[in-house]
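Me: Could you take a close look at one helix in this model for me, along with the parts around it? I'd like the cut-offs spelled out as you go.

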Amino acid sequence: MSVPRLLFSHHLRACGIRHAFTTRIGGYSRGPYASLNLGRGVEDDPRAVARNRALVLTTLGLEGAHEVEAAQVHGAVVAVVGRAEAGRLIDGADGLVTADPGTVLAMHAADCVPLLLADPRRRVVAAVHAGWRGTAAGVSLEAVTVMADRYQCRPEDLRAAIGPCIGPCHYEVDEPVMVRLRRWPWWEEVAAPNPRGRWQLDLRAANRRQLVDAGVPVQQIETLDWCTFEHPELFYSFRRDGATGRNAAIVALESSAGGPPPSW
Ligand SMILES: [Zn+2]
């Protein structure tokens, strides 16, 4: 049996939140999708993707659970979901929030930021997908707002984990991107001019800054400092490879069976 290589957040693990950021290691896909591709919207064999998804859920002690996915349209809409949405793809959303212990949230990315949030006090989790458009539109800030409005989460209670994404080292953007980003007063903290007259954009820093703006203490925001472009052996990167798979970020409050957390 394949063994998927998964990455975890110390913060989320410490408060007993089941989650993972996946790598491309340990799955069934082949060719440019090898091997743990979890994205369905690519040209990979759907049977391999289904096996990979089941494998990751089983590894997390979530076997048989149905993931809720967002359509990921590069916007800032964050939807509240529960078991009624199990197995569904939520139209128009780039963020998902749930307080239902049986609901598994999943985001897929190949360079964009996968971001997970948890409120261990109110028992609420969220998953966010943030490329440059979603970042400029404020999707991470919106996720905190939705958690607060819907479940009375206090931003100071939240734990956040920013997963592997393209780093500022490899993410060159041009003026049309910068025009959208300059609505944020801190844009100069997250973008540096380069010798080619363009900019190196730090998506992690931008999303971290949004969480801080929303009231999340910076010491409660963990960044898994991996650049997807830089590590072809570990991660899918759209900018590097074009036709490629998708890394995933997965989060759930508990196993669908309601049992104890696995011993990871
Ligand atoms: Zn890099």
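Predicted model: local features only at pLDDT ≥ 70, side-chain atom pairs only at ≥ 80, totals over all residues.

Reply: Happy to! Residues are numbered from 1 along each chain as its sequence is written, and side-chain values use heavy atoms, with hydrogens and water left out.

Helices (H or I, at least four residues) and strands (E, at least two) are DSSP runs, numbered from the N terminus. The 14 residues of H2 should span 20 Å at 1.5 Å a residue, and the end C-alpha atoms are 20 Å apart, which agrees; the expected span is 1.5 Å times one less than the number of residues.

Now for what is hidden. Buried means under 20% relative accessible area, exposed over 50%, and partly exposed in between (1.4 Å probe, protein chains only). In H2 the buried residues are Ala48, Val49, Asn52, Arg53, Leu55, Val56 and Leu57.

Asn52 sits in H2, which runs over residues 46-59, and counts as buried because its relative accessible area is 0%. Contact means heavy atoms within 4.5 Å; leaving aside neighbours within four places in sequence, Asn52 is in contact with Gly27, Tyr28, Ser29, Ser35, Leu36, Asn37 and Leu38.

One of those partners, Ser35, belongs to the loop between E2 and H2. The peptide bond leading from Ala34 to Ser35 is cis, with omega near -10°.

The loop between E3 and E4 (78-80) is worth a visit too, as Gln72 is placed there. Gln72 has a positive phi near 55° despite being a residue other than glycine, and at 17% relative accessibility Gln72 counts as buried. His74 is found in the loop between E3 and E4 as well; His74 has a positive phi of about 65° although it is not a glycine, and is partly exposed, with a relative accessible area of 31%. For context, most residues other than glycine have a negative phi, and most peptide bonds are trans.
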